[in-house]
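Please keep the sequence and the structure in view while reading.

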Amino acid sequence: MIASRDFAETLAKVKPEAEKLMAQYPQKRSALLSILHAFQSAEGWVSPEAMAAAGEMLELPVSVVESTASFYTLFFRRPVGQYMLQVCRNLSCQLNGAEEIMAYFRERLNVRHLETTYEGRFSYEEVECLAACDRAPCMQVNLEFVYDLTREKIDEMLRAMNAGNFEVAPLPQTAKPDVTWFVAHEGEKKSPGAQGVSSPNDPGGIGDPSGRQMIERIVRDPRLIEARPTAERLVRDGAALEAGAEH
Amino acid sequence: MRVTKVLTRGIGEVDLRDLKVYRRRGGYRQWKRVITELQPAEVVDLVSKSNLRGRGGAGFPTGRKWGFLPNNGRPRYMVCNSDEAEPGTFKDRMLIEETPHQVIEGMLIGAYAIGAKQAFIYIRGEFKRGYEVFSKALADARAAGLIGEKLLGTEHGVEITIHRGAGAYICGEETALLNSLEGKRGEPRLKPPFPAIKGLYDEPTVVNNVETLAFLPYILKNGPEWFAQIGPPKSPGLKVVSVSGHVKNAGNFEVALGTTLRKLLALAGGPRDGRKIIAVQPGGGSSACLFEEHLDLSYDFETMAANGTMLGSGAVVFFDDTTDFVKAAHALVRFFAHESCGQCTPCREGGHWLELTLERILHGRGLDSDIDMLVAVARQLTGINLCPLGDSIEPFLASVVKRFESQFRGYVKNRAIAV
C-alpha cells in the first residue's frame with residue numbers, strides 16, 4: 001500500500017530530530033548522513049525534497065547534498081520496495097553456497113541485481129560482506145540480519161512477507177518504485193572505454209570506437225534505458241550516427 | 001601457558017549489554033581509576049609498555065600513534081572506527097552488539113589519555129542493530145554519570161557521539177572516515193598530514209579500532225606486563241580472530257597471538273567431513289593467500305608479514321579442496337572494484353578492468369593471455385593510489401593465480417566459443 005505522501009508532514013517530524021543531531025557536532029555539516037537517515041526512515045527513500053531540506057538546514061547547496069548522498073549505497077535516491085533484500089555475494093558466503101541462494105532469489109522473484117519487483121514489494125540487491133561470515137550464507141532484510149540461508153528458509157520468509165507477518169517491519173513506502181532505484185548505473189563512474197567492455201559475451205567499447213555495438217545492445221533492452229540516463233544520450237547519438245551525421 | 005580471554009568473556013552467558021551486569025563484573029572501574037588517579041601521560045605510558053598494536057588492520061603500535069599528537073593547544077578528537085567491512089571480519093560487530101560498555105570504557109580511557117574532550121564512534125551503516133544497542137548503552141552510561149562533563153567528582157569530562165555510516169567500505173580507511181564524519185563523501189585524503197596532525201575538522205585526531213580500544217580497560221587492570229608477555233614480544237597480546245569459510249564451526253575466537261593457523265582451524269571445528277584444507281587467507285580480503293604447508297605458522301603480525309601476507313584485521317578464511325579459486329578471486333576483485341571511491345585512476349579503472357577480465361574467463365571466453373594480464377594489471381595498479389584500497393587487489397589474486405594456475409587455465413581451455 002502506498003502511503004499518501006505529505007512532505008510538509010515529514011519535514012515537521014524530521015526537523016526537531018535534525019536540530020538535535022546538528023547540536024551533537026562541533027560543525028553542523030557532520031549531521032548530514034544522520035539527517036538523510038532520518039528522512040529515509042520516514043519516507044522509505046531520500047527524496048529530492050528531503051535533499052533540498054537537508055541542504056537548507058545545513059546551509060549547503062543541494063548539489064553538495066546530492067553528491068554526498070550518491071556516494072553511499074544505503075541511501076536510496078529513488079523509491080524502493082517494502083522489503084529491501086540484500087544478499088551477501090562476498091567470499092565467505094560464496095564458499096558456503098551464496099551463488100545458489102542468489103540464483104534462487106532471482107528465480108523466485110523474477111528480478112535481477114538492483115531491481116524491484118513489479119508490484120513494488122521487494123527490492124533485491126547482491127551486496128558485499130555483511131560481517132556475518134560465521135552464519136553464511138547471510139543477508140539483511142531492511143538492515144536486519146537473516147542467517148544460514150537455505151531455499152526452504154527463503155520460501156518461508158517470502159511467504160511471511162507476502163502474508164504481512166514477517167518479523168521485520170516493512171519500510172514505509174511513499175511512492176511507487178521503478179524497475180531500479182539506482183539512479184546511475186555503477187558502470188558510469190568508469191571511463192567510457194572501460195564501460196564499453198561491460199559484458200564478456202558482447203565485447204563492445206574497446207574495438208568499437210563508435211560505440212555502435214553498445215548502442216545496439218541498449219536499444220535491444222529497453223530496461224537499460226530506464227536505468228541509465230546516459231543510455232538515452234547514447235541512443236540519441238546513435239540515431240544521429242545512423243542518419244549519417246559525422247562526429 | 002594458559003591464556004584467559006578478556007574481550008569475549010561472558011558473551012553468550014550473561015547480558016553484557018546491561019550496565020549493571022557489566023559493572024558487577026568490574027566494568028568502568030578502570031575508567032574511574034584513570035580519571036581520578038592517573039595523569040594522561042601515565043595512561044599513554046602504560047599502553048605503550050603493553051606493546052598493544054592496532055587491531056583494525058595496519059597493526060600500528062597504539063601508544064606510539066597517540067604520541068604523534070602535537071602540543072598546540074588545539075581541541076583534539078578520539079574516533080573509534082567501527083566501520084568493519086573487510087571481507088571475512090565480524091569481530092567488531094560482535095563487540096559492539098554484545099559488549100558495548102567495554103568499548104565505551106575503552107573510548108573514554110583513550111580520549112582521556114590523548115586529552116580529547118570529545119570522542120566519536122563511527123558505526124557501519126549496515127549495523128542497524130549494533131547502532132541501536134550502542135545508543136542504548138551510551139544513554140545508560142550517560143545517565144550513570146560516566147559520560148559527559150565534570151565526571152566522577154573531577155574537572156575532566158568526555159562526551160561521546162555516535163555516528164552512523166551509510167554503506168561504503170572505504171570509510172574504514174581513517175581519512176575517508178574523517179571526511180564521512182564531517183558529512184562529506186567518504187574519499188580518502190592525501191597523507192601527510194596524518195590525522196594526528198590534521199584530522200577531524202583539521203584538528204589533531206586519533207582513530208583507533210573497536211577491538212584496540214576495548215583492550216584498554218584490561219591492560220590497565222592487569223598491567224601492561226600482563227599483555228606484553230602474551231605471545232611473541234613484537235606482536236603480543238590477545239586477538240579476536242574471525243574464522244570462516246570451509247570450516248564446521250565458524251566464529252570469533254579470542255586467542256593469544258602466536259597461535260598456529262592449524263590451531264585456529266581446530267577451534268573452528270576443522271574442515272568439513274572428508275575434505276582437506278588447501279589454502280587459507282589469514283588477514284581479510286586484502287591479504288595474500290597461504291597454503292597447506294603454512295598451517296603451522298605462528299599467527300602474529302611479524303610471521304605473517306615475513307611470509308608475504310599480513311594479519312590484517314584478523315579474518316581467517318579457510319578453503320578446502322572443492323574451492324574454485326577463479327570464482328573466489330572474482331568475488332574479491334569485484335568487491336574492491338565496487339568499493340573503489342573513484343578518486344585514483346589506477347584503482348578505479350584497474351579494478352574494474354580486472355573484474356571484467358575475470359568475468360570473461362568465468363564465462364568461458366577468456367584468452368590464454370588473460371591470465372598473465374590479470375597479474376600484470378594487478379601489479380601495475382599497486383602502490384600508486386592515495387589509499388591502500390587499490391593495493392589490496394593484488395595480494396590474493398596474484399597468490400592464487402600463481403598456486404592454482406591450472407584452475408584459471410582450465411576455464412580458458414574449456415571455452416565454448418572460439419575468439
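The confidence of the predictor in each residue is expressed as pLDDT, on a scale from 0 to 100. Chain B has an average pLDDT of 95, and 98% of the residues score at least 70. The model is predicted, and its local features need pLDDT of at least 70, side-chain atom pairs count only at pLDDT 80 or more, and totals for chains, interfaces and linings use all residues. Residues are numbered from 1 along each chain as its sequence is written, while chains are lettered from A and ligands numbered from 1 in the order in which they are written. The model scores are ipTM 0.94 and pTM 0.89.

**Chain A: overall content and sheet**

- Chain A contains 11 helices and 5 strands; helices (H or I, at least four residues) and strands (E, at least two) are DSSP runs, numbered from the N terminus.
- Of the 247 residues in chain A, 43% are buried. A residue is buried if 20 or more other C-beta atoms lie within 10 Å of its own, exposed if 12 or fewer, and partly exposed in between, with C-beta atoms placed from the backbone.
- Contacts (C-beta atoms, placed from the backbone, within 7 Å) in chain A between residues at least 6 apart in sequence join residues at least 24 apart in 58% of cases.
- An open sheet of 5 strands in chain A runs in the order β2-β3-β1-β4-β5, with mixed pairing; two strands pair if DSSP finds at least two bridges between them.
- At the edges of this sheet are β2 (115-116) and β5 of chain A, each of which pairs on one side only.
- β2(A) and β3(A) are joined in the antiparallel sense over 2 bridges, and T116(A) has S123(A) in β3(A) as its bridge partner.

**Contact between the chains**

- The contact involves 42 residues from chain A and 51 residues from chain B.
- On the chain B side, the elements that give two or more residues are β3 (159-164), α8 (174-181), β5 (238-245), β11 (315-320), α13 (325-339) and α14 (345-362).
- The residues on that side of chain B comprise 17 nonpolar, 19 polar and 15 charged. Ala, Val, Leu, Ile, Met, Phe, Trp, Tyr, Cys and Pro count as nonpolar, Asp, Glu, Lys and Arg as charged, and the others, Gly among them, as polar.

**Strand β11 of chain B**

- β11(B) is mostly covered, with 5 of its 6 residues buried.
- β11(B) pairs with β5(B) in the parallel sense over 4 bridges, and S242(B) is opposite A315(B) of β11(B).
- β11(B) also pairs with β8 (residues 277-281) of chain B, in the antiparallel sense over 4 bridges; here I277(B) is opposite D320(B) of β11(B).

**Nonpolar core**

- A nonpolar core is a set of buried Ala, Val, Leu, Ile, Met, Phe, Trp, Tyr and Cys residues joined through C-beta atoms within 7 Å.
- The largest nonpolar core has 191 residues, and those with the most contacts inside it are I35(A), A54(A), V79(B), M107(B), A329(B) and L397(B). The element that gives the most to this core is α13(B), with 10 residues.
- Neighbours within four places in sequence aside, the contacts of V79(B) include F120(B), Y122(B), L177(B), L181(B) and L200(B).

**Domains of chain B**

- Chain B is assigned domain 1 (19-228), domain 2 (238-320) and domain 3 (325-413); such bounds come from an automatic or database domain assignment.
- The centres of domain 1 and domain 3 of chain B, taken over C-alpha atoms, are 35 Å apart.
- In chain B, 9 residues of domain 1 are in contact with 8 residues of domain 3. The side of domain 1 that touches domain 3 has 6 nonpolar, 1 polar and 2 charged residues.

**Backbone exceptions**

- Most residues other than glycine have a negative phi, and most peptide bonds are trans.
- The peptide bond from A136(A) to P137(A) is cis, with omega near -10 degrees; P137(A) is in the loop between β3 (122-127) and β4 (139-141) of chain A.
- P192(B) and P193(B) are joined by a cis peptide bond with omega about 5 degrees, and P193(B) is in the loop between α8 and β4 (205-209) of chain B.
- N142(A), not a glycine, has a positive phi of about 45 degrees. N142(A) counts as partly exposed because it has 19 C-beta neighbours inside 10 Å.
- Y28(B) has a positive phi near 65 degrees and is in the loop between α1 (19-24) and α2 (29-37) of chain B. Y28(B) counts as buried because 20 other C-beta atoms are within 10 Å.

Terms used
Two residues are in contact if their C-beta atoms, placed from the backbone, lie within 7 Å.
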